Amino acid sequence: MSIYIDPDAVSRLRQYEMPGKLGFGRVIAPVMFRAVCQDGCWSRGELVPYTALSLDPAAKVLHYGQSCFEGLKAYRTPDDEVALFRPEKNAARMAYSAKRLCMSPVPESLFLDGVRTVALYCANLVPANSGESLYLRPFLMGTQADLTVSASASYMFYVIASPSEAYHAGNMRLWVERDDTRAAVGGTGDAKVGGNYAASLLSTGRLRERGYDQSLWLNPANRSSVDELSGMNFFAVMGEVLYTPALNGSILEGVTRASLIELARDHGYQVVEGEIHINELLKQVASGVCSEAFACGTAAIVSSISVIGDAGGSYRLSKAPGPVAQSLRQALLDIQEGRAEDRYGWMQLLGAITNI
C-alpha cells in the first residue's frame with residue numbers, strides 16, 4: 001500500500017526552524033508516521049502533522065502496559081545523503097517485544113516504511129555535526145477500550161523523530177544497584193517495553209542524589225553478576241580483552257552492542273561474552289587490572305565510565321575516557337556517518353537531502 005502524505009505535514013516542515021541547542025530527545029520534529037491495526041489487519045501508513053494523541057481512558061495501554069518501542073538514528077553523510085543504521089534489526093526486535101506482550105507485531109515492511117518516510121521528509125533536520133543525528137522513536141500501543149485483563153484487538157503504531165546530540169556526553173558515573181531489580185529471565189528483560197524503564201526510575205532518582213548518572217543492574221536471580229545499565233549495555237576492558245555480559249534473557253539484545261562486538265574483533269580484540277561478577281570486577285578496577293569500562297547503546301553511542309560507586313566505596317577507572325572506547329566509538333561513527341567503507345552492509349542510504 002502507498003503511504004499517504006498529508007499536505008499539512010509538508011507545510012509544517014517547510015515552516016519549521018531548528019533551534020540552536022538540541023540536547024537529546026527534547027526537540028521534536030513537526031511530523032509523525034502512523035498506522036492502525038484492527039483484528040490483525042494493518043492500515044496503510046500516513047505521514048501527518050505531529051500532534052497530541054486521543055486515547056479512550058479505558059485503553060489497554062493505560063492500564064495493562066501494552067506498549068513497546070524502538071530507538072534508531074538517521075545520519076547525514078559527507079555527500080549530504082541521509083542514511084539509516086541497521087533498521088531491520090530494530091524491526092525484528094520490535095516484533096519480538098510485541099509478541100512478548102501479546103500485541104500484533106508491526107510487519108517489517110510497514111516498520112521500514114515508517115522510519116524511512118520520517119527520515120526522508122525530515123532530512124533537513126538531520127544535524128551535520130559528528131555524533132549528532134535524527135533520533136527516530138517508533139512505538140506501538142494497545143488501544144482497545146475495556147478493562148478486561150486481556151490482549152488488545154486494536155493497536156496504533158507511530159514513528160516520531162528528534163534532532164539530537166548524543167544521550168550522554170563525557171564520562172559516566174555508575175552506581176551498583178544491589179537492592180532493586182528491573183527485569184528478570186522469564187519476564188520482559190530481553191524485550192524493549194516501557195515497563196522495564198519505569199522499573200528503573202526509583203533507582204535512578206536515588207543514585208542522582210548521590211552524584212551518579214546510571215544504575216548498574218545485577219542479575220535478579222543471583223544479585224551478584226552484572227546485567228546492563230538502565231538503557232545501555234556494559235563492557236569492561238582488561239588488556240586486549242573486552243568482557244560483556246552474555247545475553248541471558250534479562251538483558252536487551254542491543255544493536256550497538258552486537259555491532260561493537262563485531263568491530264572489536266575485526267580490530268584485533270578478543271571479546272568474551274559471559275558472567276561478570278560484580279565483586280570481582282570492583283577488585284579488578286581497584287587493582288588496575290580493569291583499566292577501562294564503557295557503556296553503549298543507540299542513544300549513547302559509546303560512553304566511557306569513570307567511576308563505579310557501591311556501598312563499600314567509589315572505584316575509579318584509571319583510563320577515562322578510555323582508548324578502546326574512543327577508538328571503537330570513532331570506528332562506528334565513521335561507518336554511520338559515511339567516512340569509512342561499510343564492509344558490513346549496515347547502512348541504508350535513503351537519498352540526497354533536499355528541501356521539501
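A salt bridge is a side-chain nitrogen of Lys or Arg within 4 Å of a carboxyl oxygen of Asp or Glu. The legends below describe a predicted model, in which local features need pLDDT of at least 70 and side-chain atom pairs count only at pLDDT 80 or more, while totals for chains, interfaces and linings use all residues. Residues are numbered from 1 along each chain as its sequence is written, and side-chain values use heavy atoms, with hydrogens and water left out.

View 1. Asp310 belongs to strand S17 (residues 301–310) and Arg178 to the loop between S10 and H5, so the pair ties together parts that are 132 residues apart in sequence. Helices (H or I, at least four residues) and strands (E, at least two) are DSSP runs, numbered from the N terminus. Asp310 is buried at a relative accessible area of 10%, whereas Arg178 is partly exposed at 29%. Here buried means under 20% relative accessible area, exposed over 50%, and partly exposed in between, for a 1.4 Å probe and protein chains only. Glu177, Asp180 and Arg206 are linked in a network of salt bridges.

**View 2. The salt bridge of Arg265 and Glu273.** The closest N and O atoms of Arg265 and Glu273 are 3.9 Å apart. Arg265 is partly exposed, at 43% relative accessibility. Glu273 is also partly exposed, with a relative accessible area of 37%.

**View 3. Lys192, a buried lysine without a salt bridge.** Lys192 sits in the loop between strand S10 (172–177) and helix H5 (194–198). Lys192 is buried, and the nearest side chain of opposite charge, Glu70, is 5.8 Å away. For charge, Lys and Arg count as positive and Asp and Glu as negative; His and the chain ends are not counted. Beyond its neighbours within four places in sequence, Lys192 is in contact with residues including Phe69, Glu70, Arg93 and Tyr197. Contact means heavy atoms within 4.5 Å.

**View 4. Val185, in the loop between S10 and H5.** Val185 lies in this loop and is exposed, with a relative accessible area of 55%. Not counting residues up to four places away in sequence, Val185 touches Asn248, Gly249 and Ser250. Val185 and Thr298 are 113 residues apart in sequence, and their C-alpha atoms are 23 Å apart in space.

View 5. The structure holds 10 aromatic pairs. Phe24 and Tyr135 make an edge-to-face pair, 5.0 Å centre to centre with 65° between the planes. Phe24 lies in the loop between helix H1 (7–15) and strand S2 (31–38) and Tyr135 in strand S8 (residues 133–142), so this pair ties together parts that are 111 residues apart in sequence. Tyr135 is buried, at 7% relative accessibility. Phe69 and Tyr197 form a tilted pair, 5.2 Å centre to centre with 55° between the planes. Because Phe69 is in strand S5 (residues 67–69) and Tyr197 in helix H5, the pair ties together parts that are 128 residues apart in sequence. Phe69 is buried at 13% relative accessibility, and Tyr197 is partly exposed at 22%. Rings of Phe, Tyr and Trp (its six-membered ring) pair if their centres lie within 6.5 Å; planes under 30 degrees apart count as stacked, over 60 as edge-to-face and the rest as tilted. Phe24, Tyr135 and Tyr167 form one aromatic cluster.

View 6. The 14 residues of H9 (residues 323–336) should span 20 Å at 1.5 Å a residue, and the end C-alpha atoms are 20 Å apart, which agrees. The expected span is 1.5 Å times one less than the number of residues in the helix. Among the buried residues of H9 are Val324, Leu328, Leu332, Asp334 and Ile335. Asp334 and Arg339 meet in a salt bridge at 2.8 Å, N to O; Arg339 is partly exposed, with a relative accessible area of 43%. Just after H9, Gly338 takes a positive phi of about 80°.

View 7. A search of the whole structure finds 0 disulfides, a disulfide being a pair of cysteine sulfur atoms within 2.5 Å. The closest cysteine sulfur to that of Cys102 is in Cys68, 12 Å away and too far for a bond. For Cys290 the closest is in Cys296, at 15 Å, again too far for a bond. Cys102 is exposed, with a relative accessible area of 55%, whereas Cys290 is buried, at 1%.
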